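Dear colleague,

I am handing over a structure that you have not worked with before, and my notes on it follow directly below. Please read them with the structure open beside you.

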Amino acid sequence: MAGSHYSDNGGGSDTICLPASPTWSNYTDGPDGYKARVYGTEFDYEDGLFPYAVIGQDLPCAVCMARKNAYVMIPGRNDCFKSWTREYHGYLAASYHSHHGPHNHICVDFEPHFLTKGSKEDNDHLLYLVESVCGSLPCPPYVHGRELACVVCSL
């Protein structure tokens with residue numbers, strides 16, 4: 001999993017899934033001030049919601065293949081609606097609210113896997129859990145400051 005540095009003003013706004021074995025087209029080696037950048041992703045958050053420590057862990061991504069017609073990530077739920085099948089569930093995550101630039105919301109599995117080398121805090125592309133804020137978002141049913149669950153369902 002990868003994305004822009006948390007403090008960059010530009011670059012991509014989404015979190016991307018990079019393969020473990022990249023292949024290359026035409027290229028030049030070395031950093032260049034005229035390119036966007038991508039960094040590995042790690043958790044910069046810890047509060048005991050996950051079944052084990054996640055802070056500073058580098059995260060891989062997963063691409064699911066199933067013979068289903070449609071998928072949807074439903075934020076704010078940990079279960080699927082009737083007649084849908086739960087593929088996985090977890091917590092809604094994005095960039096920190098005061099970091100530069102928006103990043104898309106993703107559903108991080110309840111029991112995330114980590115890269116084998118990845119327990120050093122590099123502080124590059126960072127993920128934080130998403131909490132609800134009352135106001136335009138109605139409370140109830142939402143609860144101010146509560147982390148949002150998410151679920152990926154297939155039809």
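**The second largest pocket**

By class, the residues that line the second largest pocket are 6 nonpolar, 4 polar and 2 charged, where Ala, Val, Leu, Ile, Met, Phe, Trp, Tyr, Cys and Pro count as nonpolar, Asp, Glu, Lys and Arg as charged, and the others, Gly among them, as polar. Please bear in mind that this is a predicted model, in which local features need pLDDT of at least 70 and side-chain atom pairs count only at pLDDT 80 or more, while totals for chains, interfaces and linings use all residues. Residues are numbered from 1 along each chain as its sequence is written, and side-chain values use heavy atoms, with hydrogens and water left out.

The lining is made up of Tyr45, Ala94, Ser95, Tyr96, His97, His99, His105, Tyr128, Leu129, Val130, Glu131 and Glu147, and the volume of this pocket is about 380 Å³. A pocket here is an open set of points on a 1 Å grid over the protein atoms alone, where a 1.4 Å probe fits, with protein on both sides within 12 Å along at least five of seven lines, and lining residues have an atom within 4 Å of a point. Grid points are joined across faces, edges and corners, and the volume is the space filled by probe spheres set on the points.

His5 lies in the loop between β1 (2-3) and β2 (39-43), with strands taken as DSSP runs (E, at least two residues) numbered from the N terminus. His5 counts as buried because its relative accessibility is 13% (buried means under 20% relative accessible area, exposed over 50%, and partly exposed in between, with a 1.4 Å probe and protein chains only). The side chains of His5 and Ser7 are joined by a polar contact of 3.0 Å, and the side chain of His5 also reaches the backbone oxygen of Asn123 at 3.1 Å. A polar contact is a pair of N or O atoms within 3.5 Å; within protein, one must be able to donate a hydrogen and the other to accept it, and residues adjacent in sequence count only if both atoms are side-chain atoms.

Asn123 itself is found in the loop between β5 (106-109) and β6, and has a positive phi of about 55° although it is not a glycine. With a relative accessible area of 29%, Asn123 is partly exposed.

Side chains of opposite charge can pair when their charged atoms come close. The count comes to 1 salt bridge, defined as a side-chain nitrogen of Lys or Arg within 4 Å of a carboxyl oxygen of Asp or Glu. Arg77 and Asp79 form a salt bridge through their side chains, at 2.8 Å from N to O. Arg77 counts as partly exposed at 26% relative accessibility, and Asp79 is likewise partly exposed, at 36%. Arg77 sits in the loop between β3 and β4, and, not counting residues up to four places away in sequence, touches Ala149, Cys150 and Val151, where contact means heavy atoms within 4.5 Å.

**Backbone points to check**

A cis peptide bond joins Cys139 and Pro140, with omega about -10°, and another cis peptide bond, with omega about 15°, joins Pro140 and Pro141. Pro140 lies in the loop between β6 (125-129) and β7 (149-154).

With kind regards

Terms used: Helices (H or I, at least four residues) and strands (E, at least two) are DSSP runs, numbered from the N terminus.
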